[in-house]
Every structure is written in structure tokens, then in C-alpha cells.
Amino acid sequence: KGILLGCETQIESLLANAFENYKSLDEKSPTGLADLFGPTQETAAPALAPAVQVYTLLHDILSPDAQTTLRNYLQTAARKRCRKHMIETDEFVSNNSEGFLLDSITISTAYLKMKNLCINISKEIQADIKIHNQHILPSSIDLSNITAEVYSTELCKRLTSFLAAWPPSCPASHVNELLIAIADFERDLESWNISPVQGGVDSRSLFHNYIMVWVEDMQLKLLDLCKAEKVPWSGVTTNHSTSPFAEEMYEKIKDSLVGYEVVINRWPQYSLVLENAVANVERAIVKALEKQYNDILTPLKDSIPKRLNMHVQKLTRRQSTALYSVPSQLGIFLNTVKRILDALHCRVEDVLKSWAACLPITGDKKSLFGEQMNGITVMLRTKYKNYLQATVEKLVNNTQANRNTRLKRILEEIKEEDGEAEIRERMQMLSSQLIDSISNINEVFTSRIFVATCRGFWDRMGQIVLKFLEGRKENRVWYNGSYYALGILDDTFASQMQRLQGNQLQEKDVEPPRSVIEARSILCREPANATDSSTYFYV
């Protein structure tokens, strides 16, 4: 009996050794085991089948205890294989790793070894699937799921320790390569129908905190560049007659976003985080521009009353008697705002939109994307429109500074017998001032802003005639004079715009604005049926 018990113990030990090294069994080795550091075997060793037969003779394979014991053997084998693969990365998670010089080559090497670890562990599971498909093991034993539980949990622990010891500071190429390897490992398990493992590899959880830190750091670095002392001198311009600061900042935003392509391809949800960060930076860029050009914007702010108290301030503040001339710096500022609105912001938005298109639809979550970008577009349009209107108001105020150039006064002094020649003579000084203002605008603004400003100026001068007529509908004495005045205004603006812009003008650019059309409708005693051109004014 003692001899039989001894034999049974020896057989159990042999079986345990066989199952715990099922990928290292070797018929040619004196010990029956190959070197643990050899290549991964993708087929079952010849000794595995008889080992299973002996095990089923000694144990009731349908009993839970026998199945648990066999699973434990196989998981021990997986731990040994894990240990073999992880030896190369031990140095990066040991207490001695603090002594490493964290130069770029060392960091890249460390991340490369962790990437290879993910690939090697994945190959181990693939080999287990192939061995399982040989149907040597009992049907109750799902080899790939049993070993994957060990491989996934051990790999997750190693990755967590490694990232804590060597935290990724940004989505650099070596970081992205590791991220791809981990995400691919997770995706492969799912495609191989491996059951989810508690405490196993979850690529998003591993990188989530780091990604949030990356975005925050990116935002802070870009915001830091928007500080007044770091914004370059405002006198320099680009080929687009814009501020180089804005061009450079938007280029930096685009370059920063490129690094997140790998992250977004796997988890589009982070496009929302990036959208928020980019919007904050864009607001800071516009704020920095306004500070940079504060001296030339301050005179315009009187013409943009936002609240009643500001309107009161405008009335009580001392007004300058000098004629306002549009400074070249205002041209750079408005050209920059317009370029941001039409091109720079759109490029960044297009990148984020393409990423957000992959967002999963979960209730109203998808609709959240775009709120920040739309907010920036609205802000830019509002600022562009307000500053343009304020510039127009300044030019209109110039015409009010001298009694001989006040259009309303000229209209009031027209006599019934006055013809076009007399009215043209009365408006000579005003026309001359309008021509000077239009030339000034042309020197300062790019083509489309020049057109928008001229049309705004033209519309405001038309409003003076319109209001004059609306207050005197019963008295037709001033009708002929107003008709000639409108014609002179139209001739002045259209001819000067044509002279200065030539073929760059579109046909709608020189069409009379809405106020002129409405004024003419009063003169004709019929409602205006012309196209409303005023909406084109600020586009």
C-alpha cells in the first residue's frame, strides 16, 4: 500500500510538472523539459495527450475539484511564461529604476520593451487557442480563457507599475506605439471570444488620467504663450496682412492636435475634452490680440455701447474734435479676426469635427460636441461685426464734425428750385471727405473687409437720408433734393470702390444697400422690391 501511495504521489508530481510546463515539454531533453526561454510552442507536445489520459484515470474529470486542480496547474504554467517575458522589463519597475537617466533614448527603449511584452503575451494566448483547438484537453477545460485571465491581470499590473514609474508626459510616438499595442491586445482578446477578465488589461483606464493631464498641459502651454509679455510686437504682419501671433498660435494648436490622432481613433470621447481645451485657447488668443491692439481699439469702444451705463459714459465723456483716420494697426487687427473666422478657426474645427463624427451615439451625448466651437464662431463674428460697425460709426461721425459736411443739414437747406448741379455743389465737401475716407479704408483693410466697411458706411449715409424723408413724408419740397443726394452718394461709393478694387469687386458689392433702397421706395411712393443687400454687409 505504501509503495502504491508513493507511486501515486510520484505520478501526481509528474502530471503537475507536465501541466505546469505544457509549453516546454520536449522529447529530446533528458529532463523532458526544454529551456523556458525558448520560442513559444503553438502545438501541443506529444507528452500532453498521455498526461491528460493518466490524469483522467486518477481523477473524475467531471468533479469540480479535479477541474479546479487542472486549471490551477495550467494557470501556474501561464504565470511561468509571464515571468519569462517580464524579466526584460523588471528593471523599469524595480526600486532601483530611480537611478535611470531619463534621456529620450532610454525612455523610448523602455516603452519599446513594454510594447514587445504586450505583443509576446498576445502570442502566448494565440498559441493557447491553437493548442485548445487540438481538443487534447477535457472539454470542461477552456485553455485560452484560463490562461488569458493570468496573462491579462499580470500584464495589467506590470503596465500600471511601469506607467507610474515612467509616466508619459505627452502623446509622443513611443507612447502612442505602446498605447496601440495595449489597445490591440484588448481588442484581440475580444475578437478571440476571451471572457472579460476582472482586473485585466483596460487600455482606456490605464491611460485616461495621463490623457487628461496631457490635454491640460497642452492648454496651459498654449495659454502661457498668450500672455502679454510673450506676444510679439504688433507692427509685424504676415502675407495676409494679419498678426503673425495668431497665425503661429493656430499652427501650434494644429500641431498639438496631431499627436492625439491615435488616442481619438480608439476613444473618440476625448474629442470633447480637446474641443473644450482648444476653445479656451482660442478665447485667450482673441483676448491677447485685443490687449495687443488696445490703443487703437479704445477709440472704437465708444461706438459699441453694451449697457445703459456705458451709453451714459459715452454721452458724458469728452469727445475729440479731430477727424478719425482708420489706423493701419486696426487693419491688421480686423484682418486677423476675419482670417481667424474664415480660415484658421475652421481648420481646427474641421479636425475636431472629423474626430467627433466617430463618437458613439448614446442619448444626447453626441449633440454635445460643437457647442464650444460654435461659441467661438459666434464670438468671432460678433467681435468682427462690432468693430466694423464701430469703425463705420467713427467715419460717419467725421461727417458730423463740420457743418458743411453734415448730410442732414445739407438736405434741410435744399430749396425747391435747386437742381442736381446745385446739390452736387453743396455736397462737394462731403463727397471729398467720403472719397478720402474710402481711400483710407482701402489702404488699411484687405479686399473683403474694405467692401464690408464701405457698404456699411454707404448704408449709414443712406440711413440719414431715409430718416430725413420719414420725418417729412407730407412735405415733398425735399424729395427732389433727397433723390439727387442719394444719386451722388451712390456714384461716390460705387465709383470709388470700383476705382480702388477693380476686378476684385463682385456685382453685388456695388448694389445700393438697404437704406438707400428704402429711401428710394419712399421717393417712388411704392414698396421696395429689390433684393435685400444689407445682409451681405457683414459677411
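R424 and E420 sit about one helical turn apart, because four residues separate them in helix α17 (residues 420-426). Their side chains form a salt bridge, N to O at 3.0 Å. The model is predicted. It contains 22 salt bridges and zero disulfides. This briefing covers charge pairs, surface patches and cysteines.

- Side chains of opposite charge can pair when their charged atoms come close.
- In this pair the N to O distance is 3.0 Å, and a salt bridge needs the nitrogen within 4 Å of the carboxyl oxygen.

- R187 and D184 pair through their side chains, with 3.3 Å from N to O.
- Both residues belong to helix α7 (residues 173-191).
- They are three residues apart, about one turn of the helix.
- R187 is partly exposed at 48% relative accessibility.
- D184 is partly exposed at 21%. Buried would require under 20%, so D184 at 21% does not count as buried.

- K113 and E91 form a salt bridge, N to O at 3.5 Å.
- This pair joins distant parts of the chain, with K113 in helix α5 (residues 104-132) and E91 in helix α4 (residues 90-93).
- The two residues are 22 residues apart.
- K113 has 26% relative accessibility, so K113 counts as partly exposed.
- E91 has 33%, which means that E91 is partly exposed too.

**Salt-bridge network**

- Four residues are linked in a network of salt bridges.
- The members are K23, R81, E124 and D128.

**Negative patch**

- E416, E417, E422 and E425 gather on the surface as a patch of negative charge.
- E422 is located in helix α17. The R424 and E420 pair lies in helix α17 as well.
- E422 is partly exposed, with 38% relative accessibility.
- A patch residue must have over 30% relative accessible area. E422, at 38%, therefore passes that cut-off.

**Nonpolar patch**

- I11, V54, L57 and L58 make up a nonpolar patch on the surface.
- Together these residues have about 340 Å² of accessible area.
- Helix α2 (residues 48-58) is the main contributor to the nonpolar patch, giving three residues.
- L57 is in helix α2.
- L57 has 75% relative accessibility, so L57 counts as exposed. The cut-off for exposed is over 50%.

**Cysteines**

- A disulfide is a covalent bond between the sulfur atoms of two cysteines.
- The count for this model is zero disulfides.
- C7 is partly exposed, at 38% relative accessibility.
- C118 is buried, because its relative accessible area is 1%.

Technical notes: Residues numbered from 1 in each chain as written. Predicted model: local features only at pLDDT ≥ 70, side-chain atom pairs only at ≥ 80, totals over all residues. Heavy atoms only, no water. Buried < 20%, exposed > 50% of the residue type's maximum accessible area, 1.4 Å probe, protein only. Patch = residues over 30% accessible without salt bridge, like charges linked within 9 Å, V, L, I, M, F, W, Y side chains within 5 Å. Areas by Shrake-Rupley, 256 points an atom, 1.4 Å probe, with all protein chains shown as cover. Lys, Arg positive; Asp, Glu negative; His and termini not counted. Charge placed at Lys NZ, Arg CZ, Asp CG, Glu CD. Disulfide = S-S within 2.5 Å.
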